[in-house]
Amino acid sequence: MIDDHSHENMVPPAALKAAVALVGFSLLLVAGVRVGAVSPSANPSQIRAEAGLRPTAERQLRFADTADGKVLVTDAATGRDVAAIGAEGSGFIRGVMRGLARERRQHGEGAAAPFRLSAWPNGGLTLTDDTTGRVIELGSFGPSNRAAFAHFLVTGREAS
């Protein structure tokens with residue numbers, strides 16, 4: 001039987017060298033960050049703190065489950081209801097709050113302390129749990145998920 005096809009390497013040597021160089025550079029960069037030779041990029045909270053930025057709006061909120069399956073959002077300063085989110089409401093809000101509640105339980109903290117919702121001059125929006133130190137950059141989840149929390153900053157808003 002005659003073999004009529006070529007068994008030569010089909011990848012050009014230059015492409016192989018470039019791929020090896022890219023992998024090598026990536027490994028060196030990661031190693032440099034790990035040993036402190038290259039500084040990692042700062043997170044948004046750190047950048048705001050270093051710049052001395054203050055929130056443009058802020059509100060302390062409590063989130064509680066109700067017997068009928070809703071999530072009740074309450075202004076911690078006034079005790080007034082801000083919103084009642086039904087089971088068909090924002091799954092994003094429910095998911096974020098479940099994660100934060102789980103983290104509080106892991107730290108041995110209860111649900112009494114409020115969460116701090118802050119709007120920043122650059123358009124950023126954060127939800128901070130001061131009991132655990134957790135900060136969630138809500139803008140990183142997209143505009144519709146950011147908006148799910150942003151409307152809670154409007155003071156005087158009644159429960160829906």
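A: M97 touches F63, F115, L127 and F149, residues up to four places away in sequence not being counted, where contact means heavy atoms within 4.5 Å. The model is a predicted one, in which local features need pLDDT of at least 70 and side-chain atom pairs count only at pLDDT 80 or more, while totals for chains, interfaces and linings use all residues. Residues are numbered from 1 along each chain as its sequence is written, and side-chain values use heavy atoms, with hydrogens and water left out.

M97 is among the residues with the most contacts inside the largest nonpolar core, together with F63, L117, L127, F149 and F152, and this core has 23 residues. A nonpolar core is here a set of buried Ala, Val, Leu, Ile, Met, Phe, Trp, Tyr and Cys residues joined through side-chain atoms within 4.5 Å; buried stands for under 20% relative accessible area, exposed for over 50% and partly exposed for what lies in between, with a 1.4 Å probe and protein chains only. At least two residues of the core come from each of β1 (57-65), β2 (71-75), β3 (81-85), α3 (91-106), β4 (115-119), β5 (125-129) and α4 (143-150), and α3 gives the most, with five residues. Helices (H or I, at least four residues) and strands (E, at least two) are DSSP runs numbered from the N terminus. In soluble globular proteins, nonpolar side chains tend to be buried together.

M97 also belongs to the surroundings of the largest pocket, which holds about 300 Å³ of space: of the 14 lining residues, F63, D65, M97, R98 and A101 are the closest to its centre. On a 1 Å grid over the protein atoms alone, a pocket is an open set of points where a 1.4 Å probe fits, with protein on both sides within 12 Å along at least five of seven lines, and lining residues have an atom within 4 Å of a point; points are joined across faces, edges and corners, and the volume is the space filled by probe spheres set on them. Two or more lining residues come from each of β1 and α3, with α3 giving the most, six residues. The lining divides into seven nonpolar, one polar and six charged residues, where Ala, Val, Leu, Ile, Met, Phe, Trp, Tyr, Cys and Pro count as nonpolar, Asp, Glu, Lys and Arg as charged, and the others, Gly among them, as polar.

Elsewhere in helix α3 lies E103, which counts as buried because its relative accessibility is 16%, and which is in contact with T132 and R134 once neighbours within four places in sequence are left aside. In the loop between α3 and β4, A112 counts as exposed at 59% relative accessibility, yet A112 is in contact with R62 and R104, again leaving aside neighbours within four places in sequence.

As for the chain around this part, it contains four helices and six strands, and 27% of its 160 residues are buried. The mean pLDDT, the predictor's confidence in each residue from 0 to 100, is 83, and 85% of the residues reach 70 or more. Over residues 156-160 the pLDDT is below 50, although this stretch has 14 contacts in the model beyond near neighbours in sequence. Where pLDDT is low, the predicted coordinates should not be read in detail.
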